[in-house]
Amino acid sequence: MAKNISFTIKFWRQNGPKDQGHFDTHEMHDIPDDTSFLEMLDILNEELINEGKEPFVFDHDCREGICGMCSLYINGTPHGLTERGATTCQLYMRRFNDGDVITVEPWRSAAFPVIKDCMVDRNAFDKIIQAGGYTTIRTGQAQDANAILIPKEDADEAMDCASCIGCGACVVPIPVLARLYVLRMRLSPTSPA
């Protein structure tokens, strides 16, 4: 059975990559704990609009944990403390306690400049992912998968790579890695830029 919680949310406001940002604070009351984090942000925006304030800008797309667009830093952790290391949209308010202060920030990386509030420009990262891409070519009939022996280490690595949804969380906490991503994009002969 869902219970309602009340908390304070501190959310990042910034008009663009060159502007100075700051935190705004808002009191949230009686939010059901079975509400997703993004649904809670929608409620926040409804309240801000009703108060005559500008809504908080954040990115999202599928809200199903597969696209990675909802990437936020929540209480100092990429995506917040989600179950199974999932994305922000898979974070539910039951992970927070009544009276908590929840801090929401954008990715903090040179590779992800702020467009507005917590919406960031992911172009450099997306181009790297696209550059890896794939190609299709007729190669004949596929072999039976059980007939191809693959070492467990290779299979485990393939599964780890397949589980990447391109959210960018791997770039954010490591500034050097972020700079390498941007550098690779500038130097890559396959870069679409």
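The legends below describe close-up views of a predicted model.

**View 1. Overall fold of the protein chain.** The predicted model holds four helices and seven strands in the protein chain. Along the sequence, these elements follow the pattern β-β-α-β-β-β-β-β-α-α-α. Of the 193 residues in the protein chain, 36% are buried.

**View 2. The open five-stranded sheet.** The strand order is S2-S1-S5-S3-S4, and the pairing in this open sheet is mixed. The edges are taken by S2 and strand S4 (77-78), each of which has a single partner strand, so one side of each lacks a neighbour in the sheet. Strands of a sheet pair through backbone hydrogen bonds, in either the parallel or the antiparallel sense.

**View 3. Strand S1 and its two partner strands, S2 and S5.** S1 and strand S2 (residues 22-32) run antiparallel and are joined by nine bridges. Within this pairing, Lys10 stands opposite Thr25 in S2. With strand S5 (residues 101-105), S1 pairs in the parallel sense, over four bridges. Phe11 has Val104 as its bridge partner in S5. S1 is largely enclosed by the rest of the structure, because seven of its ten residues are buried.

**View 4. Pairing of strands S3 and S5.** Strand S3 (residues 73-74) pairs with S5 in the antiparallel sense, and two bridges link them. Tyr73 stands opposite Glu105 in S5. In the sheet order S2-S1-S5-S3-S4, S5 stands between S1 and S3.

**View 5. The salt bridge between Arg13 and Asp117.** Arg13 forms a salt bridge with Asp117, and the closest N and O atoms are 3.1 Å apart. Arg13 lies in strand S1 (residues 4-13), whereas Asp117 lies in the loop between strand S6 (114-116) and strand S7 (119-120), so the pair ties together parts that are 104 residues apart in sequence. Both partners are on the buried side of the 20% cut-off: Arg13 has a relative accessible area of 9%, and Asp117 has a relative accessibility of 1%. The search of the whole structure finds seven salt bridges, and this pair is one of them.

**View 6. The salt bridge between Lys53 and Glu51.** Lys53 and Glu51 form a salt bridge in which the closest N and O atoms are 3.3 Å apart. Lys53 is partly exposed, with a relative accessible area of 46%. Glu51 also counts as partly exposed, at 43% relative accessibility.

View 7. The side chains of Lys152 and Asp156 meet in a salt bridge, with 3.0 Å from N to O. The two residues are four apart in helix H3, so about one helical turn separates Lys152 from Asp156. Lys152 is exposed, with a relative accessible area of 57%, while Asp156 is partly exposed at 35%. Elsewhere, salt bridges that share partners join Arg13, Asp24 and Asp117 into one network.

**View 8. The negative surface patch.** Glu153, Asp154, Glu157 and Asp160 form a negative surface patch. One of these residues, Asp154, lies in helix H3 (residues 152-162). Asp154 is partly exposed, and its relative accessible area is 43%.

**View 9. Pro106 and Val120.** Pro106 is placed in the loop between S5 and S6. The residue is buried, with a relative accessible area of 0%. Pro106 and Val120 are 14 residues apart in sequence, and their C-alpha atoms are 7.0 Å apart in space.

**View 10. Met93 and Ile31.** Met93 is found in the loop between S4 and S5. Met93 is buried, with a relative accessible area of 0%. Along the chain, Met93 and Ile31 are 62 residues apart, while 8.0 Å separates their C-alpha atoms.

Conventions. Residues are numbered from 1 along each chain as its sequence is written. This is a predicted model: local features need pLDDT of at least 70, side-chain atom pairs count only at pLDDT 80 or more; totals for chains, interfaces and linings use all residues. Side-chain values use heavy atoms; hydrogens and water are left out. Patches are made of residues with over 30% relative accessible area and no salt bridge: like charges are joined within 9 Å, nonpolar side chains (Val, Leu, Ile, Met, Phe, Trp, Tyr) within 5 Å. Accessible areas come from the Shrake-Rupley method with a 1.4 Å probe; for residues, only the protein chains shown count as cover. A salt bridge is a side-chain nitrogen of Lys or Arg within 4 Å of a carboxyl oxygen of Asp or Glu. Lys and Arg count as positive and Asp and Glu as negative; His and the chain ends are not counted. The place of a charge is taken as NZ of Lys, CZ of Arg, CG of Asp or CD of Glu. Buried means under 20% relative accessible area, exposed over 50%, partly exposed in between (1.4 Å probe, protein chains only). Two strands pair if DSSP finds at least two bridges between them.
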